[in-house]
Amino acid sequence: MKSPILTTLLCSASFVAATDFENPVRLKGGNEFVRVESPGWAAPCLADVDGDGKKDLLVGQFSKGKIRFFKGLGGTRFAAGEWLKADGKVAEVPGVW
């Protein structure tokens, strides 16, 4: 007799495999493509940071825990990136390693 959990997992896996994704899009911040520093382990996030109703793009950087902020201009358009600041200084999120 098969376990109900195994049956559920197999059915779920079949559903996930059938999901279609849109083709990737390379985003620009201002006139330049959004880039991350090496080794490229970014953590992008869309959120309305400044409360203007438009999604802003936040891209975490591996080195020094800095976050690049791209102000949302509507749709998939963003202003040139700048480092997220706290108290006038570039904010850094301490690493765990």
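A word on the source. This is a predicted model, where local features need pLDDT of at least 70, side-chain atom pairs count only at pLDDT 80 or more, and totals for chains, interfaces and linings use all residues. Residues are numbered from 1 along each chain as its sequence is written, and side-chain values use heavy atoms, with hydrogens and water left out.

Now the overall layout. Helices are DSSP runs of H or I with at least four residues, strands are runs of E with at least two, and both are numbered from the N terminus. The order from the N terminus is α-β-β-β-β-β-β-β-β-β-β.

Next, the surface. Of the 97 residues, 13% count as buried. Buried means under 20% relative accessible area, exposed means over 50%, and partly exposed is in between (1.4 Å probe, protein chains only).

On to the sheet. Four strands form an open sheet in the order β3-β4-β5-β8, with antiparallel pairing. β3 (43-47) and β8 (82-83) stand at the edges, each with a single partner strand, so one side of each has no neighbour in the sheet. Two strands pair if DSSP finds at least two bridges between them. β4 and β5 run antiparallel and are joined by four bridges. Take Leu57: its bridge partner in β5 is Phe70.

Let's stop at Lys66. Where is Lys66 found? Lys66 is in the loop between β4 (56-60) and β5 (67-70). Is Lys66 buried or exposed? Lys66 is buried, at a relative accessible area of 17%. Leaving aside neighbours within four places in sequence, Lys66 is in contact with Val59, Gly60, Gln61, Trp83, Val90, Ala91 and Glu92. Contact means heavy atoms within 4.5 Å.

Look at Trp83 in that list. The charged end of Lys66 sits over the ring of Trp83, 4.2 Å from its centre. The rule: NZ of Lys or CZ of Arg lies within 6 Å of the ring centre and within 35 degrees of the ring normal. Arg26 also lies over a face, that of Phe33, at 4.1 Å from the ring centre.

Last topic: salt bridges. How many salt bridges does the structure hold? There are two. Each is a side-chain nitrogen of Lys or Arg within 4 Å of a carboxyl oxygen of Asp or Glu. In one, the side chains of Lys71 and Asp50 meet at 2.7 Å, N to O. That pair links distant parts of the chain: Lys71 is in the loop between β5 and β6 (72-74), Asp50 is in the loop between β3 and β4, and they are 21 residues apart.

Lys71 also meets Asp52, at 2.8 Å, N to O. Asp52, too, is in the loop between β3 and β4, 19 residues from Lys71. Shared partners join Asp50, Asp52 and Lys71 into one network.

How exposed is this network? Lys71 is partly exposed at 31% relative accessibility. Asp50 is partly exposed at 36%, and Asp52 is partly exposed at 35%.
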